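Me: I would like a close look at one part of this model. Please keep it brisk.
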Amino acid sequence: MKKLVKGNIALCEGAIAAGLKSYFGYPITPQNEVPAYLSRKMVELGRVFVQAESEIAAANMVLGAAVTGARAMTSSSSPGISLKQEAISYMAGMQIPALIVNIQRGGPGLGNISGAQSDYFQAVKGGGHGDYRLIVLAPNSVQEMYEMAYDSFDLAEKYRTPVMILADGIVGQMMEPVEFNRPEKKDFEEKSWHLNGCKGRAPRSIQSLLMKDGVLEKHNINLQEKYKTISKNEARFETYKTDDARVIITAYGISSRIAKSAVKLARKEGIKAGLFRPKTLWPFPSEAIAALAKPGVKFLSAELSHGQMIEDVKLAVNGKVPVEFLGKAGGAIITEQEIVIKIKEMIK
Amino acid sequence: MKNEIIIAGFGGQGVLLAGTLLAQAAIEQGLHTTWFPSYGAEMRGGTANSTVVVSVDEIGSPLAFNPNALIALNEPSLNKFMPRMIEGSIIIANSSIIPSDKEYKIQPVFVPVTDISDKEIKNVKTANLVAVGALIKALELYASGNCGEDSHKRRQSAEETEGDLCDLEDTKILTLKSALAACEKAFSSKPELVEVNKKAIQAGYDFVKQL
Amino acid sequence: MEKILSKPEALKDTNMSYCPGCGHGIIHRLVAECIDELGVREKTVAVAPVGCAVFAYDYFNFDVTEAPHGRPPAVATGIKRTNPEKFVFTYQGDGDIAAIGMAETIHAANRGENITIIFVNNANYGMTGGQMAPTTLIGQKTETTPFGRDPKREGYPIHLCELLSTLEGTTYLERVSIHNPQNIIKAKKAIKKAFQCQIDGKGFSLVEVISNCPVDWGMTPLDSIKWTEEVFIKAFPLGAVKDKTDEK
């Protein structure tokens with residue numbers, strides 16, 4: 001039988017099953033269950049848990065653990081994620097695989113503790129300094145919190161890049177039946193890059209500081225090549241009744257569930273609505289969206305923000321069809337009825 | 001069937017646990033369910049609530065956009081959530097501390113859950129589960145009232161038919177049996193509390209049955 | 001002919017980019033000699049700072065990672081907690097450790113992390129051109145204290161060893177200098193003791209090395225040595241500030 005657990009706990013279980021060796025974090029609502037749960041669980045498993053003095057330190061501890069090849073993660077919520085951006089940029093530049101989890105809350109500033117989706121830009125457009133990308137996964141259920149946490153480490157290691165899980169206070173706090181159905185990972189391939197002492201090999205250094213003529217330029221070109229490969233291979237999404245849809249809602253995370261209910265409501269009234277749900281926000285499934293942008297179709301980006309992902313939807317459809325927006329921020333929630341009303345306006 | 005249930009009361013009255021028990025009961029029956037807490041700054045004393053959605057279909061929002069069931073363990077909770085409840089909602093109000101002689105938009109089912117837990121169960125901490133038992137019976141009566149004369153009799157003994165009231169998927173509701181089974185899961189780490197909480201659920205259920 | 005002196009194995013055979021008269025070269029060598037003598041080179045994972053020693057990974061002949069400015073104690077915490085069997089030290093300057101990274105420093109110390117910090121105090125920000133450091137002396141002129149450090153405006157120099165000595169998590173804290181051979185020998189002894197402290201699992205150790213920065217101080221190397229002796233180490237007295245290696 002499935003277990004009833006919170007999204008934040010499922011996330012921990014997914015990471016543990018994937019072989020999480022070290023966790024470093026700092027309390028902030030609505031992700032407090034993560035450090036609280038792992039403070040017991042990791043110690044019982046003989047793994048590493050440290051409550052850091054700050055989000056900054058926690059992210060840098062992850063950098064330290066991950067530089068030795070271990071699976072490491074940190075988690076936080078929006079204001080804390082801002083503090084982690086320094087280390088995230090370094091890890092991207094140093095090509096260190098790690099997991100950073102953002103259980104988003106309302107912003108800007110200290111905002112409030114309600115779920116929100118206002119950190120999309122921060123997650124997919126950089127956040128920290130420099131030309132880099134994170135793989136950004138957007139779970140919309142407790143089951144996916146588990147599965148994406150599990151998968152994130154493989155992705156991070158495959159491409160030697162930090163991965164972010166961009167969830168929100170609702171997905172983090174809600175409980176749903178979940179099946180912990182992934183095998184416990186125990187054996188890991190020997191890495192070619194990690195720092196574990198130079199016994200039997202030449203010393204290594206891992207750095208993002210590349211001052212010699214042209215070296216940083218080449219490093220950036222290599223990073224971009226890598227990002228191209230990731231874009232080609234890893235864009236993930238799901239669709240619901242888009243085949244004959246006149247209005248296709250684009251929504252991720254918690255919004256996508258509300259949007260799906262709205263599609264069902266609209267269909268009951270004979271309105272041809274559909275849902276396109278990116279599961280990866282970067283790479284963004286632009287090609288799949290472009291393929292749906294046929295004459296007569298309109299897109300509606302539904303978000304718990306004042307319009308962030310819509311920019312990528314617009315880039316994807318490239319002016320071919322209209323893209324409209326419905327969103328609320330600051331902890332407010334869009335309802336399925338509001339989406340249906342908006343859809344009706346759009347097809348008038 | 002879809003129930004969007006709000007359980008509200010003072011922090012410390014066990015509204016989160018009552019919610020998880022309902023969600024666990026839904027799992028026991030193979031229904032879809034979500035549970036969502038209020039996670040405010042207050043730890044004790046303020047109002048707390050949890051929202052449980054139980055449905056035969058996949059659930060979109062775990063937040064209640066159209067709440068149709070409420071357990072109000074104190075008066076501020078009743079006042080706060082009453083305006084949000086849709087027409088025909090089932091409301092269990094803790095009449096041990098909520099006045100039952102006032103005019104309400106939707107007439108609650110008054111159950112003195114604090115008194116029942118105190119006097120019958122001898123454990124005032126179980127008031128939340130007395131209310132859960134009461135809600136299950138009230139939902140069952142409501143469902144049977146909505147299913148037509150023909151199957152009415154079968155529905156009266158819904159606890160034996162595991163809630164398949166109209167033999168139709170979309171009228172399937174939470175049953176006493178699954179709530180009692182959920183109790184064993186919810187208190188698996190404190191087995192000494194299983195029986196007393198089962199008793200509390202049964203007491204709430206029986207109270208409404210006898211109304 | 002018998003070879004009586006050679007480059008330590010823990011140093012790469014490369015030229016250092018430090019300024020003429022700078023103390024970093026000496027301190028690198030002392031660190032490398034200690035690592036060789038303790039036989040831990042092959043299990044060392046070191047953390048380089050941001051500052052003049054940012055290129056440490058070009059000079060040290062063992063594994064070295066970069067860390068953001070001020071964060072080496074946090075990075076070292078991540079390394080050591082995950083790999084307790086490795087030998088982990090950070091090499092940091094005054095701005096890195098006592099300004100931007102003060103929180104990381106204090107908390108790593110307070111947790112008693114079993115790591116070693118080599119802290120090079122040259123009373124100014126060398127790499128960026130000689131601005132005020134948290135350890136800049138009262139009255140000392142820098143790029144950003146053109147009238148001399150005035151406590152009313154810039155506060156007082158931070159004595160990190162003394163500050164950390166109040167924390168129960170710290171085991172061994174010593175301030176040394178490298179302005180003459182006698183002190184260089186003492187400095188090496190302190191570094192080795194700090195490393196041994198970690199090897200013995202006795203917890204947090206830090207050696208503050210008073211070093212000269214003639215270019216940014218606007219002095220000849222000789223004058224910088226003189227200033228170190230007559231002024232700098234008067235303001236930052238040398239010696240063990242805390243030593244609980246026998247108690248742990």
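How many Å separate the centres of domain 1 of chain A and domain 2 of chain A, taken over C-alpha atoms?

Reply: The centres of the two domains of chain A, taken over C-alpha atoms, are 26 Å apart. This is a predicted model: local features need pLDDT of at least 70, side-chain atom pairs count only at pLDDT 80 or more, and totals for chains, interfaces and linings use all residues. Residues are numbered from 1 along each chain as its sequence is written, while chains are lettered from A and ligands numbered from 1 in the order in which they are written.

Start with the domains. Domain 1 of chain A covers 3–189 + 207–234, and domain 2 covers 237–347; the bounds come from an automatic or database domain assignment. Where they touch, domain 1 of chain A supplies 27 residues and domain 2 of chain A supplies 20. (Contact means C-beta atoms, placed from the backbone, within 7 Å.) On the domain 1 side, the elements giving two or more residues include strand 6 (112–115), strand 8 (162–168) and helix 8 (215–234) of chain A. (Helices, H or I of at least four residues, and strands, E of at least two, are DSSP runs numbered from the N terminus.) Helix 5 of chain A gives the most to this side, with four residues. By class, the domain 1 side has 16 nonpolar, eight polar and three charged residues. (Ala, Val, Leu, Ile, Met, Phe, Trp, Tyr, Cys and Pro count as nonpolar; Asp, Glu, Lys and Arg as charged; the others, Gly among them, as polar.)

Next, chain B. Here 19 residues of chain A are in contact with 15 residues of chain B. Helix 9 (253–268) of chain A is one of the elements supplying at least two residues to this side. Helix 9 of chain A also gives the most, with four residues. The side of chain A that touches chain B divides into 10 nonpolar, four polar and five charged residues. Chain B averages a pLDDT of 87, and 85% of its residues score at least 70. (pLDDT is the predictor's confidence in each residue, from 0 to 100.)

Last, chain C. Of the two pairs of chains in contact, chains A and C share the most contacts. Chains B and C do not touch; their nearest C-alpha atoms are 27 Å apart. Eight strands form an open, mixed sheet in the order 10(A)-2(C)-1(C)-3(C)-4(C)-8(C)-7(C)-9(C). Strand 10 (205–206) of chain A and strand 9 (239–243) of chain C stand at the edges with a single partner strand each, so one side of each has no neighbour in the sheet. (Strands pair if DSSP finds at least two bridges between them.)
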